[in-house]
Amino acid sequence: MSQKLPFKIFSGTNSRYLAEKICNSLGCELGNMKIQHFADGEFGVSFEESIRGCQVYLVQSTFPNSDNLMELLLMIDAAKRASAASIIAVVPYFGWARQDRKDKPRVSIAAKLIADLLSVAGISRLITMDLHADQIQGFFNVPVDHLYASSVFGPYISSLNLENMVIATPDVGGSKRANSYAKYFGVPLVLCHKSRAKANEVESMTVIGDVEGKNVILIDDMVDTAGTITKAADLMISKGALSVRAIASHAVMSDPATQRIESSNMTEMVFTDSIPYCKGCSKVHIISIADIFADTIRRVYENESISSQYII
């Protein structure tokens, strides 16, 4: 009898584009799965091939709306009931991660709730990328492989060959991430300090550091309405920056984000394809993370180290 478990990859509806790229990179077929929708909006999941005794990888980002999360939970439950040997959730974008603590009385900690839902549903492992806060890994009682988009962003930034480059962060909360890039490239770090009137609305912003005559690279983990990052870009141009480019792992891009980026002084906005972006913006550039996830899946399957994925 074979000592190695067979593996199969399946995808939810809205992450199929990425799952197909991952399968192409691995040289395997995407598994056959059916999602049946009912008139009232309810849906059901069924695997159309045997997965008994298999190591099953389920690719699905949990971006809005909530149907993507519900699909993933049903996929996990169906795989468990179909006697899969292990179930690995591949979640390039882990939604609800911004709610990772009690920042005021009587609020939920949604990131912990989602972690519990995935664990109870039956995952054996989680593979994700650029969590909003690294400590969310501790919400899980199963192994978490936390990848970083820096493995694709680093080479891209190097290819720009920018002189007088500085790394910047649009808010103080992202200073640790931006500082890692600044150390890697050996360039200065600039901070933006912002205050919010309410969620998704920036009241005021100041730049801490010198950007005059510099080519600025803004680093963030996600862009939602793009209010913060475009305000930071415009402010830095007004302070004498030669150019401002921004890179962010996840293109949440809720309206009016596309219009804000298009009309801003930003030269370029770079995302990964962890979330599908189809709205169209001349300044948006997408870099695929399919090869990173394919290589990580292969390493997990072969019980190899994934440390080489971390370049920054």
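User: To begin, where does Lys102 lie?

Analyst: Please note that this is a predicted model. Lys102 lies in the loop between E5 and H3.

User: Is Lys102 buried or exposed?

Analyst: Lys102 counts as exposed, because its relative accessibility is 52% and the cut-off for that class is over 50%.

User: What does Lys102 touch?

Analyst: Leaving aside residues up to four places away in sequence, Lys102 touches Val107 and Ile109.

User: Let us turn to aromatic residues. How many aromatic pairs are there in the whole structure?

Analyst: The search finds 7 aromatic pairs. One of them is formed by Phe94 and Phe140, with ring centres 5.9 Å apart and planes at 70°, so this pair is edge-to-face.

User: Which parts of the chain does that pair link?

Analyst: The pair links distant parts of the chain. Phe94 belongs to the loop between strand E5 (86–91) and helix H3 (110–121), while Phe140 belongs to the loop between E6 and E7, and the two are 46 residues apart.

User: Are Phe94 and Phe140 buried or exposed?

Analyst: Phe94 is buried, and Phe140 is buried as well.

User: What about the rings of Tyr184 and Phe185?

Analyst: Their centres are 5.0 Å apart and their planes stand at 90°, so that pair is edge-to-face. Tyr184 counts as partly exposed, at 43% relative accessibility.

User: Which residues form an aromatic cluster?

Analyst: Phe7, Tyr57 and Tyr301 form one aromatic cluster.

User: Now helix H5. Which of its residues are buried?

Analyst: Helix H5 covers residues 175–185, and its buried residues are Ala178, Tyr181 and Ala182.

User: Why do they line one face of the helix?

Analyst: Viewed down the axis of H5, the buried residues fall within an arc of 100°, so they line one face. On the face turned away from that buried side, H5 carries the exposed residues Lys176 and Lys183.

User: What follows H5?

Analyst: Gly186 follows H5, and its phi is positive, near 65°.

User: A change of topic: how many salt bridges does the structure hold?

Analyst: The structure holds 13 salt bridges. Among them is the one between Lys21 and Asp273, whose closest N and O atoms are 2.9 Å apart.

User: Where do Lys21 and Asp273 sit in the chain?

Analyst: Lys21 is in helix H1 (residues 16–26), and Asp273 is in the loop between strand E13 (268–272) and strand E14 (284–287). The two residues are 252 residues apart, and the pair links distant parts of the chain. As for accessibility, Lys21 is partly exposed at 36%, whereas Asp273 is buried, with a relative accessible area of 4%.

User: Which residue does Arg125 meet in a salt bridge?

Analyst: Arg125 meets Asp145, at 2.8 Å from N to O. This pair also links distant parts of the chain, with Arg125 in strand E6 (residues 125–129) and Asp145 in strand E7 (residues 144–147), 20 residues apart. Arg125 is partly exposed, with a relative accessible area of 23%, and Asp145 is buried, at 10%.

User: Which residues do shared partners join into one network?

Analyst: Salt bridges that share partners join Asp295, Arg298, Arg299 and Glu304 into one network.

User: Finally, the domains. What does the domain assignment give?

Analyst: The assignment gives domain 1 (5–146) and domain 2 (148–286). Their C-alpha centres lie 29 Å apart, and the contact takes 15 residues from domain 1 and 15 residues from domain 2.

User: What area is buried between domain 1 and domain 2?

Analyst: The buried area is about 1400 Å², and carbon and sulfur atoms give 53% of that area. On the domain 1 side, Tyr93, Met129 and Asp130 supply 39% of the area buried against domain 2, more than any other three residues.

User: How many salt bridges are found across that interface?

Analyst: The rule finds 2 salt bridges across the interface of domain 1 and domain 2.

Conventions:
Residues are numbered from 1 along each chain as its sequence is written. This is a predicted model: local features need pLDDT of at least 70, side-chain atom pairs count only at pLDDT 80 or more; totals for chains, interfaces and linings use all residues. Side-chain values use heavy atoms; hydrogens and water are left out. A salt bridge is a side-chain nitrogen of Lys or Arg within 4 Å of a carboxyl oxygen of Asp or Glu. Helices (H or I, at least four residues) and strands (E, at least two) are DSSP runs, numbered from the N terminus. Buried means under 20% relative accessible area, exposed over 50%, partly exposed in between (1.4 Å probe, protein chains only). The arc is that of the directions from the helix axis to the C-beta atoms. Rings of Phe, Tyr and Trp (its six-membered ring) pair if their centres lie within 6.5 Å; planes under 30 degrees apart count as stacked, over 60 as edge-to-face and the rest as tilted. Contact means heavy atoms within 4.5 Å. Domain bounds come from an automatic or database domain assignment. Buried area is the accessible area (1.4 Å probe) that two parts lose on being put together, summed over both.
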